[in-house]
Amino acid sequence: MSKKKAYSFKLFLLVLPFIILVLLFSYYPLYGWMYAFYDYKPPKALANCPFVGFKWFASLVSSQTKIDQIVQVLKNTFAMSGLTLGTSWLPMIFAVFLNEIRGVKFRKFVQTVTTLPNFVSWVMVYSIAFSLFNSTGMLNSLLLKAGLIESPVLFLQSSSHVWFTQWLWLTWKNLGWAAIMYIAAISSIDDEMIQAARVDGASRMQIIWHITIPSLLPTYFVLLVLNVANFLNNGMEQYYVFQNAFNKEFIQVLDLYVYNMAMGSGGYSVSVAISMLKSLVSVVLLVIVNGASKHIRGESIL
């Protein structure tokens, strides 16, 4: 074996563990798609369940009511993911202004306070929301005592502005944590370039606009591409704890819809069929983003 082949084989051995992990956790679970073609009733083995072919896929569009429901779920998913994607620049701006705080202790305090919510579970977040905005919560108590309202306002039970309020909770929880990547990128900016700008008379805002932000844009676009790739994977924990009979129509995203179908009357096989629909939409989005990248940047992502 030549030295070049031996070197290539060593590199392959280094990558092999990660290839195995991808196969185990990304490709092997696709075996579960088989459940969409059977009338699966747990805890029976799949071999003991009747094969029904595309029955469950056809059932998704068997009536106008089901079509409207899936369209609404996709609309909720696109709206909430779209809000997050459209405001993905907020952590970058937050990191920039956090870096401008001159007091080291105060800057570390602000960074710590804004990062801690990321480590709080959504169950605890809902507990905080319940204590603040429930009909007997702190906000209603203050408004009633001040005479501003005559009866409690049902903030958590309202279906109005659900997309916006859920985005606010998500931003509050993730803003500080998402800014860490940009803070690390700011620390890598050449200090001599900043000093040269100061010598030329540049103000702090001019340095931010012409040096700091342009230096952060490559990091921003990499994270933006990753967010687009996970556009439909907005999770279900947040929406699961906040859902109720009043806001379910507008808060039910695709992941939560799949869970509700699996645990409810829809059945496990139907939920797998819907998750396959999600994968199909994700592939379409990836092709669109890849084409847009090739058109704008001159090179594709894939």
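In what order do the elements of the chain run from the N terminus on? They run α-α-α-α-α-α-α-α-α-α-α-α-α-α.

This is a predicted model, where local features need pLDDT of at least 70, side-chain atom pairs count only at pLDDT 80 or more, and totals for chains, interfaces and linings use all residues. Residues are numbered from 1 along each chain as its sequence is written, and side-chain values use heavy atoms, leaving out hydrogens and water.

**View 1. Secondary structure of the chain.** The chain holds 14 helices and 0 strands. Both are DSSP runs numbered from the N terminus: helices are H or I of at least four residues, strands E of at least two.

**View 2. Helix α5 against helix α8.** Helix α5 spans residues 104-115 and helix α8 residues 162-187. They pack at about 130 degrees, axes 7 Å apart. Axes are lines fitted to C-alpha atoms over the stretch in contact, and angles run from 0 to 180 degrees between N-to-C directions. α5 and α8 are therefore oblique to each other. Oblique is what remains after under 35 degrees (roughly parallel), over 145 (roughly antiparallel) and 65 to 115 (roughly perpendicular).

**View 3. Residues between α5 and α8.** From α5 come Gln111, Thr114 and Thr115; from α8 come Gly176, Trp177, Ile180 and Ile183. Contact means heavy atoms within 4.5 Å. The contact residues divide into 3 nonpolar, 4 polar and no charged. Nonpolar covers Ala, Val, Leu, Ile, Met, Phe, Trp, Tyr, Cys and Pro; charged covers Asp, Glu, Lys and Arg; the others, Gly among them, are polar.

**View 4. Burial in the chain.** Of the 302 residues, 32% count as buried. Buried means under 20% relative accessible area (1.4 Å probe, protein chains only).

Methods:
Buried means under 20% relative accessible area, exposed over 50%, partly exposed in between (1.4 Å probe, protein chains only).
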